[in-house]
Amino acid sequence: MKLTELEELGLKNIGKVYHNLSYDELIKHELENGEVAQTNKGATAVDTGIFTGRSPKDKYFVDRDPSNKYIAWGDVNHKVSAEIFDELLEVAREQLSGTDLYVTDVYSGVSPASKKSVRFVTEIAWQSHFVKNMFIRPTESELEVFESDFVVLNACKAVNDKWKEHGLNSEVFVLFDVERNMCIIGGTWYGGELKKGIFSMMNYWLPLEGKLSMHCSANVGKDGDTALFFGLSGTGKTTLSTDPHRALIGDDEHGWDDNGVFNFEGGCYAKVINLDGASEPEIYGAIRKNALLENVVMHGEGEVDYKDDSKTENTRVSYPIEHIDNHKTDLMAGHPQNIIFLSADAFGVLPPVSKLTKEQAMYYFLSGYTAKVAGTERGITEPVATFSACFGEAFMTLHPTVYADLLGKKIDEHNVNVYLVNTGWTGGAYGVGKRMSLKDTRACINAILDGTIQKSEFDTTKTFRLQVPKTLGDINPEILNPRNAWEDKEAFDTARDTLAQMFIKNYTKYQEGVEVDYAPFGPIIES
């Protein structure tokens, strides 16, 4: 590439520029730089440093017109002044000047009508590898005429020593200037910042164009029937959408425009803690050459111990989607027939599968419920309800109702079926009941996708008023209505009403200044 393109970004005395390296070249650099180790399957493995997850409290957007009129300011999207951004931009420029650089050009969004071109600049080879895995890789002819819509300067080795003076959260900074079409990163090496940073920008750009951006996985059947899987981390979004009988469109981030559903990414980013080749053969088999593992423990000659969480429970792997044999090669499909909301309910209250009305779908989409269990985070000793609007509030740049309104319009327009699936506990809360078996959960999913669930007779549960099938294939009917699965019925009623109160309290934030209040379609506690 022309050095002037980097010099225009304010970088000086640039060393060698490694522009759009192949996988073989990147792996060679990673190994020679001492950045990674190699597994016995040919994948590379990296430790991301003191940060093994994102730093959401260190993410800021420049308070600048006109984007400040659209951004939903608050706990998710924090403000930073243009002056502080400019000061930290100089910190990033200084770090990236006078050194060799890896520059990677990619697309976010495979749809020609919606894709954005992004240039990543870093001094770390494995971060270039991560970007190559996770985004849409342009063809050689596309690279010849590539012009970036957005630039990310990843100066991970730099820190903000003046963070207290700036009134920021820490020495880490992940800053976005929408009008300047730029992001700068410092203080954290974690690859997920690169992926989710661009997702946050897609969540800004697309809805303003009338297109829905979604934190979901997607696959398509042989007859062209598309399904979307919404869910927070740990609910099974990646696992359940990776199906040997259906082509994977993508496992995490998608758009939905007038032509249908399309992947934002060109790869997958899966959690690998306790990964088992027998239960998740597609993901297990994808961890080979060109895959990049994060923060795993290895023994002997590159043997990965997927059960070892001594570095973090958030062990992950990124790999190009081509590593999943059964993927949709163009990463696009038509409008969905089925939408599935996944929730890992550790209270054991939600049914394994429920059929939702359109109004219920809006309520549960805005609620975005799952539950954390004891041991996953310091201080958690019993189940804790987690509500994340649109099943991804941490990445939603606009107000959640913007995405919900777009979803509602598309459900109506395309007559989409919506279901709620509990991948969490049954027969009791965490510690008493047991985790829903993957076999039963897949049976629920299969019944949705092949349409047999629509032939079932349904009961309506009390309080949550969810429609649940009386029977469904070979699944034990006792677990289909969650109260029947509990030995202590009074304990279930108490847990149900407790969770219902949490839903009701959380939803109050969406009841003011809206055209439609969907609260009446959520749980109602009867006196």
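Visitor: How many bridges join strand 11 (residues 212–220) to strand 14, and what makes two strands a pair?

Guide: Strand 11 and strand 14 run antiparallel and are joined by 4 bridges. Two strands pair if DSSP finds at least two bridges between them, so strand 11 and strand 14 count as a pair. The model is predicted: local features need pLDDT of at least 70, side-chain atom pairs count only at pLDDT 80 or more, and totals for chains, interfaces and linings use all residues. Residues are numbered from 1 along each chain as its sequence is written, and side-chain values use heavy atoms, with hydrogens and water left out.

Visitor: What counts as a strand or a helix?

Guide: Both are DSSP runs, numbered from the N terminus: helices are H or I with at least four residues, strands are E with at least two.

Visitor: Which strand forms a hairpin with strand 14?

Guide: Strand 15 does, with 2 residues between the two strands. Strand 14 and strand 15 (residues 260–263) run antiparallel over 4 bridges, and Gly255 has Phe262 of strand 15 as a bridge partner.

Visitor: Why is strand 14 (residues 253–257) called largely enclosed by the rest of the structure?

Guide: Because 5 of its 5 residues are buried. Buried means under 20% relative accessible area, exposed over 50%, and partly exposed in between, with a 1.4 Å probe and protein chains only. Glu253, Gly255 and Asp257 point one way from strand 14, His254 and Trp256 point the other way, and all are buried. In a regular strand the side chains alternate between the two faces of the sheet.

Visitor: How do you know whether Asn290 is buried or exposed?

Guide: Its relative accessible area is 15%. The limit for buried is under 20%, so Asn290 is buried. Asn290 is found in the loop between helix 9 (281–286) and strand 17 (292–294), and its phi is near 90°, a positive value in a residue other than glycine.

Visitor: Where does Leu331 lie, and what is its phi near?

Guide: Leu331 lies in the loop between strand 20 (316–320) and strand 21 (332–333). Its phi is near 60°, positive although the residue is not glycine. At 7% relative accessibility, Leu331 is also buried.

Visitor: Why are helix 10 and helix 11 called roughly antiparallel?

Guide: Helix 10 (residues 358–367) and helix 11 (residues 400–414) pack at an angle of about 155°, with their axes 10 Å apart. Axes are lines fitted to C-alpha atoms, for helices over the stretch in contact, and angles run from 0 to 180 degrees between N-to-C directions. Angles under 35 degrees count as roughly parallel, over 145 as roughly antiparallel, 65 to 115 as roughly perpendicular and the rest as oblique. The two helices are therefore roughly antiparallel.

Visitor: Which residues of helix 10 make the contact with helix 11?

Guide: Lys358, Ala361, Met362, Phe365 and Leu366 do, and on helix 11 the contact residues include Tyr403, Leu407 and Ile411. Contact means heavy atoms within 4.5 Å. Ala, Val, Leu, Ile, Met, Phe, Trp, Tyr, Cys and Pro count as nonpolar, Asp, Glu, Lys and Arg as charged, and the others, Gly among them, as polar.

Visitor: What is the angle between helix 10 and helix 15 (residues 489–507)?

Guide: Helix 10 and helix 15 pack at about 85°, with their axes 10 Å apart. That angle makes helix 10 roughly perpendicular to helix 15. Tyr363, Tyr364, Leu366 and Ser367 in helix 10 meet Phe503, Ile504, Asn506 and Tyr507 in helix 15. The residues of the contact divide into 6 nonpolar, 2 polar and no charged.

Visitor: What makes strand 2 (37–38) and strand 16 (267–271) edge strands?

Guide: They belong to an open sheet of 5 strands in the order 2-3-17-20-16, with mixed pairing. Strand 2 and strand 16 each pair on one side only. Within this sheet, strand 17 and strand 20 run antiparallel over 3 bridges, with Leu292 opposite Ser318 in strand 20.
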